[in-house]
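Here is a short briefing to read alongside the model. Have a look at the fold first, then follow the points below.

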Amino acid sequence: MSLTVEKEVQENTLILQIKGVLDISTAHVIEPYLEGIDRIETVILDFSDLELIDSTGIGAIINAIYLSKEKNFQLKLQGMNELTHHVFETVGLYKVLDALKGEFG
(Lines give C-alpha, C1' and ligand atoms only; values in the text may rest on other atoms or scores of the structure.)
Protein backbone atom coordinates (compact mmCIF):
# COMPACT_ATOMS: atom_id res chain seq x y z
CA MET A 1 0.00 0.00 0.00
CA SER A 2 1.29 3.40 -0.85
CA LEU A 3 0.46 7.07 -0.57
CA THR A 4 1.67 9.96 -2.66
CA VAL A 5 1.00 13.63 -2.15
CA GLU A 6 1.04 16.12 -5.00
CA LYS A 7 1.73 19.67 -3.87
CA GLU A 8 0.54 22.77 -5.69
CA VAL A 9 0.83 26.36 -4.48
CA GLN A 10 -1.48 29.06 -5.85
CA GLU A 11 -0.67 32.43 -4.29
CA ASN A 12 -1.40 31.93 -0.55
CA THR A 13 -3.11 28.55 -1.00
CA LEU A 14 -1.47 25.14 -0.70
CA ILE A 15 -3.28 22.25 -2.36
CA LEU A 16 -2.27 18.75 -1.32
CA GLN A 17 -3.74 16.01 -3.47
CA ILE A 18 -3.77 12.78 -1.48
CA LYS A 19 -3.42 9.69 -3.70
CA GLY A 20 -3.59 6.09 -2.55
CA VAL A 21 -4.03 4.61 0.91
CA LEU A 22 -3.91 6.74 4.06
CA ASP A 23 -3.33 4.24 6.85
CA ILE A 24 -0.91 3.36 9.65
CA SER A 25 1.91 2.66 7.19
CA THR A 26 1.49 5.92 5.21
CA ALA A 27 0.03 8.59 7.53
CA HIS A 28 3.52 10.01 8.20
CA VAL A 29 3.83 11.04 4.53
CA ILE A 30 1.51 14.06 5.00
CA GLU A 31 3.30 15.57 8.01
CA PRO A 32 6.31 17.16 6.25
CA TYR A 33 3.99 19.00 3.85
CA LEU A 34 2.10 20.56 6.76
CA GLU A 35 5.00 21.19 9.13
CA GLY A 36 6.84 23.31 6.57
CA ILE A 37 3.97 25.72 5.95
CA ASP A 38 5.04 29.35 5.79
CA ARG A 39 3.00 32.32 4.53
CA ILE A 40 0.09 30.11 3.56
CA GLU A 41 -3.45 31.24 4.38
CA THR A 42 -5.37 28.18 3.16
CA VAL A 43 -4.53 24.50 2.87
CA ILE A 44 -6.79 22.29 0.78
CA LEU A 45 -6.59 18.55 1.31
CA ASP A 46 -7.98 16.98 -1.86
CA PHE A 47 -9.10 13.39 -1.40
CA SER A 48 -10.29 12.83 -5.00
CA ASP A 49 -7.75 10.01 -5.47
CA LEU A 50 -7.92 8.54 -1.96
CA GLU A 51 -8.46 4.78 -2.15
CA LEU A 52 -8.76 3.92 1.55
CA ILE A 53 -8.43 5.56 4.95
CA ASP A 54 -8.18 3.96 8.39
CA SER A 55 -8.23 5.36 11.92
CA THR A 56 -4.57 6.37 11.73
CA GLY A 57 -5.35 8.33 8.57
CA ILE A 58 -8.22 10.03 10.38
CA GLY A 59 -5.75 10.87 13.16
CA ALA A 60 -3.39 12.45 10.62
CA ILE A 61 -6.22 14.68 9.40
CA ILE A 62 -7.13 15.64 12.97
CA ASN A 63 -3.47 16.55 13.53
CA ALA A 64 -3.68 18.74 10.41
CA ILE A 65 -6.77 20.43 11.84
CA TYR A 66 -4.98 21.26 15.09
CA LEU A 67 -1.88 22.37 13.19
CA SER A 68 -4.09 24.78 11.20
CA LYS A 69 -5.01 26.45 14.46
CA GLU A 70 -1.40 26.54 15.66
CA LYS A 71 -0.02 27.94 12.39
CA ASN A 72 -3.08 30.10 11.68
CA PHE A 73 -4.19 28.79 8.30
CA GLN A 74 -7.61 27.69 7.12
CA LEU A 75 -7.95 23.98 6.35
CA LYS A 76 -10.42 22.78 3.73
CA LEU A 77 -11.28 19.20 2.85
CA GLN A 78 -12.52 18.42 -0.63
CA GLY A 79 -12.98 15.62 -3.13
CA MET A 80 -14.22 12.97 -0.73
CA ASN A 81 -16.17 10.11 -2.24
CA GLU A 82 -19.40 9.06 -0.56
CA LEU A 83 -17.74 6.43 1.66
CA THR A 84 -14.96 8.76 2.84
CA HIS A 85 -17.48 11.53 3.49
CA HIS A 86 -19.55 9.10 5.56
CA VAL A 87 -16.49 8.00 7.57
CA PHE A 88 -15.51 11.64 8.23
CA GLU A 89 -19.07 12.40 9.32
CA THR A 90 -19.32 9.30 11.54
CA VAL A 91 -16.10 9.98 13.45
CA GLY A 92 -16.97 13.65 13.93
CA LEU A 93 -14.15 15.06 11.81
CA TYR A 94 -16.34 17.83 10.40
CA LYS A 95 -17.44 18.84 13.90
CA VAL A 96 -13.81 19.19 15.04
CA LEU A 97 -13.01 21.26 11.95
CA ASP A 98 -16.08 23.48 12.42
CA ALA A 99 -15.36 23.96 16.13
CA LEU A 100 -11.84 25.18 15.43
CA LYS A 101 -13.05 27.42 12.61
CA GLY A 102 -15.35 29.03 15.15
CA GLU A 103 -12.37 29.75 17.39
CA PHE A 104 -10.68 31.61 14.53
CA GLY A 105 -13.67 33.81 13.83
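This is a predicted model: local features need pLDDT of at least 70, side-chain atom pairs count only at pLDDT 80 or more; totals for chains, interfaces and linings use all residues.

- Across the pairing, Leu 77 of E4 has Leu 45 opposite.
- Between E3 and E4 the chain passes through helix H2 (residues 55-71), giving a right-handed β-α-β crossover.

**Helix H2**
- The 17 residues of H2 span 24 Å from first to last C-alpha, close to the expected 24 Å at 1.5 Å a residue.
- After H2 comes Asn 72, which has a positive phi near 60°.
- Buried residues of H2 include Ile 58, Ile 61, Ile 65 and Leu 67.

**Aromatic cluster**
- The whole structure holds 2 aromatic pairs.
- In one of them, the ring centres of Phe 47 and Phe 88 are 5.5 Å apart and the planes meet at 80°, so this pair is edge-to-face.
- Because Phe 47 sits in E3 and Phe 88 in helix H3 (residues 82-90), the pair links parts 41 residues apart in sequence.
- Phe 47 is buried at 2% relative accessible area, and Phe 88 is buried at 0%.
- Phe 88 also pairs edge-to-face with Tyr 94, with centres 6.1 Å apart and planes at 75°; Tyr 94 is buried as well.
- Together, Phe 47, Phe 88 and Tyr 94 make up one aromatic cluster.

Technical notes
Residues are numbered from 1 along each chain as its sequence is written. Side-chain values use heavy atoms; hydrogens and water are left out. Two strands pair if DSSP finds at least two bridges between them. Helices (H or I, at least four residues) and strands (E, at least two) are DSSP runs, numbered from the N terminus. A crossover is right-handed if, with the strands pointing away from the viewer, the path from the first strand over the helix to the second runs clockwise. The expected span of a helix is 1.5 Å times one less than its number of residues. Buried means under 20% relative accessible area, exposed over 50%, partly exposed in between (1.4 Å probe, protein chains only). Rings of Phe, Tyr and Trp (its six-membered ring) pair if their centres lie within 6.5 Å; planes under 30 degrees apart count as stacked, over 60 as edge-to-face and the rest as tilted.
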